[in-house]
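Morning, everyone. I have a few slides on one structure, and I will keep it brisk. Please look at the model first.

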Amino acid sequence: MADITARLGWRHLRAAPTAHVRHHRRGRLAHDGTGLSFWFRALTAALSEVPVDDRELAVSFHARTADFQDVSVQATVTYRISDPSTAAVRLDFSIDPDTGAWRAAPLEQIATLLTETAQQHALDVLARTPLAAALADGVAAVRARITDGLAAEPRLPATGIEVVAVRVVAIRPEPEVERALRTPAREQIQQEADRATYERRAVAVERERAIAENELASKIELARREEQLVEQNGTNARRQAEESAAADAVRADAEAKRKVRLARAEAEAAKEVGEARAGAQAAWLRVHGEVDPATLHALAATRLAENLPRIDSVTLSPDVLTGLLARLGGQRGTDGQGGPRAQGGAGGPA
């Protein structure tokens with residue numbers, strides 16, 4: 001919409017860069033161009049504003065396929081006014097000189113023209129296409145047919161309209177039909193999912209069986225090795241016992257032999273000691289047998305003195321001295337007369 005301001009009975013128009021403005025003053029064309037800005041008088045001016053930018057038109061309609069099924073078509077048509085002078089002559093693009101608003105609805109006329117033309121060609125192609133084919137490949141076919149139909153429509157160039165592009169967004173059947181069509185696909189998908197689930201379970205069971213077999217084989221191998229270990233331990237224990245018994249036998253034999261040798265050595269030593277003692281005793285007896293009695297008495301007294309405690313002083317009474325002297329005198333007489341006298345003298349008081 002043009003921007004119009006009033007100043008002292010004059011009007012100033014400023015158009016957008018995408019708007020083509022035509023100004024007629026008293027029936028003559030005064031201004032004609034895009035993005036204009038000029039002053040004019042409202043009483044003598046006739047203004048029209050034609051947009052020249054690309055515009056999107058959403059098209060939605062119902063159609064029927066070859067098998068009598070209703071479908072809804074959603075499409076978008078992009079167009080532009082390529083000849084604004086022709087469009088301003090063929091359609092009412094006049095604007096109010098006070099407000100700049102269109103007096104009519106030219107864009108709605110263009111939308112009606114494009115929608116009806118596109119719908120006509122889409123209905124024509126869908127009427128010869130079954131529902132399954134329309135849902136599978138109908139989008140491309142409908143888009144191509146609408147594009148060709150709009151390009152061949154003679155009224156569009158005569159109005160200065162150019163179609164830039166056509167896009168078919170969707171072709172959808174009725175909700176009940178769509179649910180019915182989805183059911184086989186869903187069943188097939190569910191079957192595939194169930195099959196995949198069963199296969200996955202089968203694979204899982206097979207893997208569990210393989211794992212169980214491996215564990216059982218491992219346990220069997222472990223038990224066999226434990227049996228071998230027990231047997232080897234028993235063999236080692238028997239060997240150790242045999243070796244220990246043999247070592248003990250060797251030690252006992254060696255100890256016995258050592259004790260025998262020691263006993264023999266002790267016996268020989270005892271024998272030699274006995275023989276030496278016997279020889280010494282015999283020699284001692286032989287020597288004492290050859291010595292006279294007085295010497296023996298002296299030796300006995302000496303030995304006795306060696307074994308007695310120390311005596312500092314000895315007191316002899318007259319009685320003891322008299323008896324000792326008498327005894328000594330009797331022994332001498334006996335020694336001179338014979339053996340029987342010595343025995344009789346020996347039995348006297350000592």
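Start with Arg-80. Its relative accessibility is 26%, so Arg-80 counts as partly exposed. Keep in mind that this is a predicted model.

What does Arg-80 pair with? Its salt-bridge partner is Asp-54, and the closest N and O atoms are 2.8 Å apart. The pair links distant parts of the chain, 26 residues apart. Asp-54 sits in the loop between strand E6 (45-51) and E7, while Arg-80 is in strand E8. Asp-54 is partly exposed too, with a relative accessible area of 42%. There is a third member here. Asp-54, Arg-80 and Glu-162 are linked in a network of salt bridges.

Now the strands around that spot. Strand E7 (residues 55-64) and strand E8 (residues 70-81) run antiparallel, joined by 10 bridges. Together E7 and E8 make a hairpin, with five residues between them. Look at Phe-68 in the turn: its phi is positive, about 60 degrees.

Glu-221 bridges to Arg-224, with the closest N and O atoms 2.2 Å apart. Both lie in helix H5 (residues 175-290), three residues apart, which is about one turn of the helix. Glu-221 is partly exposed at 27% relative accessible area, and Arg-224 is partly exposed at 38%.

The other one is Arg-172 with Glu-178, at 3.2 Å between the closest N and O atoms. Glu-178 is at 16%, so Glu-178 counts as buried.

Next, a loop residue. Thr-129 is located between helix H2 (106-126) and helix H3 (131-152). Its relative accessible area is 18%, and the cut-off for buried is under 20%, so Thr-129 is buried. What does Thr-129 touch? Leaving out residues up to four places away in sequence, the contacts are Thr-65, Ala-66 and Ala-134.

Three strands form an open sheet in the order E1-E2-E5, with antiparallel pairing. Strand E1 (3-7) and strand E5 (37-40) are the edges, each pairing on one side only. The twist averages 20 degrees from one strand to the next. Strand E2 (residues 10-14) pairs with E5 over four bridges. There, His-12 stands opposite Trp-39 in E5.

That is my tour. Over to you.

Note on methods
Residues are numbered from 1 along each chain as its sequence is written. This is a predicted model: local features need pLDDT of at least 70, side-chain atom pairs count only at pLDDT 80 or more; totals for chains, interfaces and linings use all residues. Side-chain values use heavy atoms; hydrogens and water are left out. Two strands pair if DSSP finds at least two bridges between them. Helices (H or I, at least four residues) and strands (E, at least two) are DSSP runs, numbered from the N terminus. Axes are lines fitted to C-alpha atoms, for helices over the stretch in contact, and angles run from 0 to 180 degrees between N-to-C directions. Buried means under 20% relative accessible area, exposed over 50%, partly exposed in between (1.4 Å probe, protein chains only). Contact means heavy atoms within 4.5 Å. A salt bridge is a side-chain nitrogen of Lys or Arg within 4 Å of a carboxyl oxygen of Asp or Glu.
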